[in-house]
Amino acid sequence: MKPTLKKIYDWVNERVELDNLIEFMGKKYVPVHRHSVWYYFGGVSLFLFIIQVVTGILLLMYYKGSEDLAFESIQFLMSKVQFGWLIRSIHSWAANLFILTAMIHMFSVFFEKSYRKPREITWLTGMLMFFLAMGFGFSGYLLPWNELAFFATKVGTDIAGVLPLIGKPIMIFLRGGEEVTGATLSRFFGFHVAVFPGIFTVLLGVHLLLVQRQGMSEPMSFENTPAGERKTMPFFPNFLLRDLLLWLIVLNLLAILAVFFPWELGKKADAFAAAPAGIKPEWYFLFMFQSLKYIPGKLWIFDGEVLGILLFGVAGLLWMMVPFWDSKSARGEKNKFITYLGLFVVFYIIIFTIIGWIS
Amino acid sequence: MTENHELQPQQTKRDFLRVILGGSLLAWLGTVIYPILSYLKPPAQAEAEVSSVKVGKLSAIEKDSGTLFRFGSKPVILLRSASGELRAYSATCTHLDCTVQYRKDFGLIWCACHNGKYDVNGRNVSGPPPRPLDEFKVIVQGEEVFISKKS
Ligand code: HEM
Ligand code: FES
């Protein structure tokens, strides 16, 4: 270290004990094995979230969250503001990549059964962040106030409304009234830039603190490997440097996508125009949306749609609670059922997303 | 026994305090949460109750067409058949709330969101819509066309 830097470091260290912190970070080891690549997806998700915060705040400098001004403010941003189109395009692309990498991260944790004791809380905070990410996507999608977003929001909130008893109040709470109007935009704007980021940051803090404190979970196969043969790599600096290299690659990929496939704005929403063809939810909602289409309208005395929504709700809850019912993995035994279940879910999501996409 | 006797007044005192404290905590939570919940509930807008809307001159409405009109805060579709007959329906799809349109090529009312179809009588004929579209009354007075709620 340069002498001046060293001086500054010492000055701070004397007061807040940086040495301890660095030791705390350096204590972590990353297991090295066949499936090590998957460890990188958590870090990439973190990186993409940081990008969302930065570009989101930049968008806020010009965005106006009202029925009369939202669309126009984005139009202005894209045509007059220098690099405005780029910032918006990055925010939109990174949102999608973020959900994709978070999904991959979640499945890798699931297949490794890393959620088993003592890491249940890490899994829970992760799942909550994943749901929040979907909330970010759903609320952000409406903000430009264009035709597609307007009708997608109408349909999305109406689906919540078909649930018995609680459905209607939820729908009214989300819409800020009976219909999707400027009131809905105000609410979604508030969720998107204040409520969700606040909650997300707390969850992320707990998630990262736990990963740091408990260290990385070792794969189950390590239990049969003699201690000497378990390969690991120090998190700091070895793994972190690889992480950073990957972040750089992701940033380049993001730049390519944002520049060569700039995000469209479309037409301004008009509550008194017919819905245009091609209304689809964002791809990460597509598999649920597509499934609902295959459920008959009436199943015995139940409404098919209600049944479908409840089914997905229960499935999501069971998925989130897996550390508490997968007692086999908790005991360190192999649980084939979980692996098959995970594979089933992965294939289900992929197949239904593709069908939804091409139909 | 004697011990128990000694404890009794203590115990009831403790229970009493617990009830008082717990009760005040609940009451306190209530006074915080109730206003917040009420705040989040959107107030009922005093919307002028629309009962009829003038949509224009009869000669301006093409034959074999469907046009969207604003009826209060909701869209209404006015159909004119090839023979000149007028009909009006709520344009809000009974499936999930999208706005429908008239498709000349099908001779049907069509919802783009999930390919729902209604015939020119507003009856749901294919796709996911569970119910027919609500019908409105069309009144022609001389040259002027009005749409009004069915009573
Ligand atoms: C603190 C963090 C964030 C802030 C301050 C923020 C802010 C904004 C603003 C102002 C807009 C409107 C501009 C526009 O529509 O182009 C927007 C749009 C959007 N945001 Fe965020 N955002 C944040 C995080 C996120 C995250 C984590 C996601 C991840 C899913 C996300 C997804 C979206 C999407 C999909 C849009 C719509 C893009 C479009 O079509 O234009 N945002 N955000
Ligand atoms: S909203 Fe009209 S068919 Fe679904």
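Visitor: How far apart are the C-alpha centres of domain 1 of chain A and domain 2 of chain A?
Guide: Domain bounds come from an automatic or database assignment. For chain A, that gives domain 1 (37–145 + 186–217 + 233–265) and domain 2 (326–359), and their C-alpha centres lie 24 Å apart. This is a predicted model, where local features need pLDDT of at least 70 and side-chain atom pairs count only at pLDDT 80 or more, while totals for chains, interfaces and linings use all residues. As for bookkeeping, residues are numbered from 1 along each chain as its sequence is written, chains are lettered from A and ligands numbered from 1 in the order in which they are written, and side-chain values use heavy atoms, with hydrogens and water left out.

Visitor: How many residues does each domain of chain A put into the contact?
Guide: Contact means heavy atoms within 4.5 Å. Domain 1 of chain A brings six residues and domain 2 of chain A brings 12. Together they bury about 760 Å², with 78% of it on carbon and sulfur atoms; buried area is the accessible area (1.4 Å probe) that two parts lose on being put together, summed over both. On the domain 1 side, look for A:F107, A:F111 and A:K113, which supply 54% of the area that this domain buries against domain 2 of chain A, more than any other three residues.

Visitor: What about the two chains: how much area do chain A and chain B bury between them?
Guide: About 1700 Å², of which 63% is on carbon and sulfur atoms. The contact involves 24 residues of chain A and 20 residues of chain B. On chain A, the trio A:F272, A:A274 and A:A275 gives 32% of the area that chain A buries against chain B, more than any other three residues.

Visitor: Which residues of chain A coordinate the iron atom of ligand 1?
Guide: Donors are N, O and S atoms within 2.8 Å of the metal (3.2 Å for Na, K and Ca), and sites may look incomplete because water is not among the atoms. Here A:H91 and A:H192 each use NE2, at 2.0 Å. A:H91 sits in helix α5 (residues 84–112) of chain A and A:H192 in helix α9 (residues 182–214) of chain A, so the pair ties together parts that are 101 residues apart in sequence. Helices and strands are DSSP runs numbered from the N terminus: H or I over at least four residues for helices, E over at least two for strands.

Visitor: Why is the arrangement around the iron atom of ligand 1 called octahedral?
Guide: Six donors count as octahedral if opposite ones are over 155 degrees apart and all others between 65 and 115. The six donor atoms here subtend angles of 88 to 179°, which makes the arrangement octahedral.

Visitor: Is A:H91 buried or exposed?
Guide: Buried means under 20% relative accessible area, exposed over 50%, and partly exposed in between (1.4 Å probe, protein chains only). A:H91 is buried at 14%, and A:H192 is buried at 13%. Another buried residue is A:I74, at 7%, in helix α4 (residues 70–79) of chain A. Leaving out residues up to four places away in sequence, A:I74 touches A:Y63, A:R88, A:P144 and A:L265.

Visitor: What should I look for in the backbone angles?
Guide: Most residues other than glycine have a negative phi, and most peptide bonds are trans. In this model, the bond between A:K117 and A:P118 is cis, with omega about 10°; A:P118 is in the loop between α5 and α6 (120–142) of chain A. A:L165 has a positive phi of about 65° although it is not a glycine. You'll find A:L165 in the loop between α7 (147–161) and α8 (167–175) of chain A, exposed at 83% relative accessible area. Over in chain B, B:N115 has a positive phi near 60°. B:N115 lies in the loop between β6 (108–111) and β7 (116–118) and is partly exposed at 40%.

Visitor: Which strand does β9(B) pair with over six bridges?
Guide: Strands pair if DSSP finds at least two bridges between them. The partner is strand β10 (residues 144–149) of chain B, in the antiparallel sense, with B:V140 bridged to B:V145 in β10(B). Their hairpin has two residues between the strands, and B:G142 there takes a positive phi near 65°. Strand β4 (residues 86–90) of chain B also runs antiparallel to β9 (residues 135–141), joined by two bridges, and B:Y89 stands opposite B:E135.

Methods: Tetrahedral: all angles 85-135°; square planar, octahedral: opposite > 155°, others 65-115°.
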